[in-house]
Amino acid sequence: MTPAEQAQLRILKIVDAEPAISQRQLAERLGVSLGKVNYLLRALLDKGHIKAGNFLRAEDKSKYAYLLTPEGISAKLQLTRNYLARKEQEYLAVKAEIDAMRAELGVQEERR
């Protein structure tokens, strides 16, 4: 999973939970610039993964709600599966390395 895909997954998760989040809040949550969030949101909009709509009753008409489309929900699930598979592989690799180091040192695995 590329860093861009990781960022897109995080945005999809946040937007799914908080549709009224502002781009500034999203940038703070992700730890990236406002311009980067704008770029990533634009890419998700262009892919059809999210929709943006104005709040009808808001005084500030520049506020948007971001909603996941059916394609966005599918993309979120696929990105989550990919992320989980990668993390499981990393876990197994780290566990094997730890086991090898313990064997090298003659240390028994601690029982919990």
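**Reading salt bridges and helix packing**

Mentor: Start with R86 and E90, whose side chains meet in a salt bridge at 3.0 Å, N to O. The term salt bridge here means a side-chain nitrogen of Lys or Arg within 4 Å of a carboxyl oxygen of Asp or Glu. Before we go on, keep in mind that this is a predicted model: local features need pLDDT of at least 70, side-chain atom pairs count only at pLDDT 80 or more, and totals for chains, interfaces and linings use all residues. Residues are numbered from 1 along each chain as its sequence is written, and side-chain values use heavy atoms, with hydrogens and water left out.

Trainee: Where do R86 and E90 sit relative to each other in helix α4?

Mentor: They are 4 residues apart in α4, which covers residues 70–105, so about one helical turn separates them. Helices are DSSP runs of H or I with at least four residues, strands are runs of E with at least two, and both are numbered from the N terminus.

Trainee: Which residue forms a salt bridge with K87?

Mentor: E90 again, with the closest N and O atoms 3.2 Å apart. K87 and E90 are 3 residues apart in α4, so here too the separation is about one helical turn.

Trainee: How many salt bridges does the structure hold?

Mentor: There are 5. One of them pairs R29 with E18, the closest N and O atoms being 2.8 Å apart. R29 lies in helix α2 (residues 23–30) and E18 in the loop between α1 (3–17) and α2, so this pair ties together parts that are 11 residues apart in sequence. R29 is partly exposed at 43% relative accessibility, and E18 is partly exposed too, at 32%.

Trainee: Let's zoom out. In what order do the elements run?

Mentor: From the N terminus on, the order is α-α-α-β-β-α, which gives 4 helices and 2 strands. Of the 112 residues, 23% count as buried.

Trainee: What describes two packed helices?

Mentor: The angle between their axes and the distance between the axes. The axes are lines fitted to C-alpha atoms, for helices over the stretch in contact, and the angles run from 0 to 180 degrees between N-to-C directions. For α1 and α4, the angle is about 125° and the axes are 10 Å apart. That makes α1 oblique to α4; angles under 35 degrees count as roughly parallel, over 145 as roughly antiparallel, 65 to 115 as roughly perpendicular, and the rest as oblique.

Trainee: Which residues make the contact?

Mentor: From α1 there are E5, Q6, Q8, L9, L12, K13 and D16, and from α4 there are G72, A75, K76, L79, T80, Y83 and R86. Contact means heavy atoms within 4.5 Å. By class, this contact of α1 with α4 has 5 nonpolar, 4 polar and 5 charged residues. Ala, Val, Leu, Ile, Met, Phe, Trp, Tyr, Cys and Pro are nonpolar, Asp, Glu, Lys and Arg are charged, and the others, Gly among them, are polar.

Trainee: What about α1 and α2: at what angle do they pack?

Mentor: About 125°, with their axes 11 Å apart, so α1 and α2 are oblique to each other. R10, I11 and I14 of α1 meet L26, R29 and L30 of α2. That contact of α1 with α2 has 4 nonpolar, no polar and 2 charged residues.

Trainee: Is Q8 buried or exposed?

Mentor: Q8, found in helix α1, is buried at 9% relative accessibility. Leaving out residues up to four places away in sequence, Q8 touches L40, A43, L44, K47 and L79.

Trainee: And Q78?

Mentor: Q78 lies in helix α4 and is partly exposed at 39% relative accessibility. Q78 and L9 are 69 residues apart in sequence and 9.4 Å apart in space, C-alpha to C-alpha.

Key
Buried < 20%, exposed > 50% of the residue type's maximum accessible area, 1.4 Å probe, protein only.
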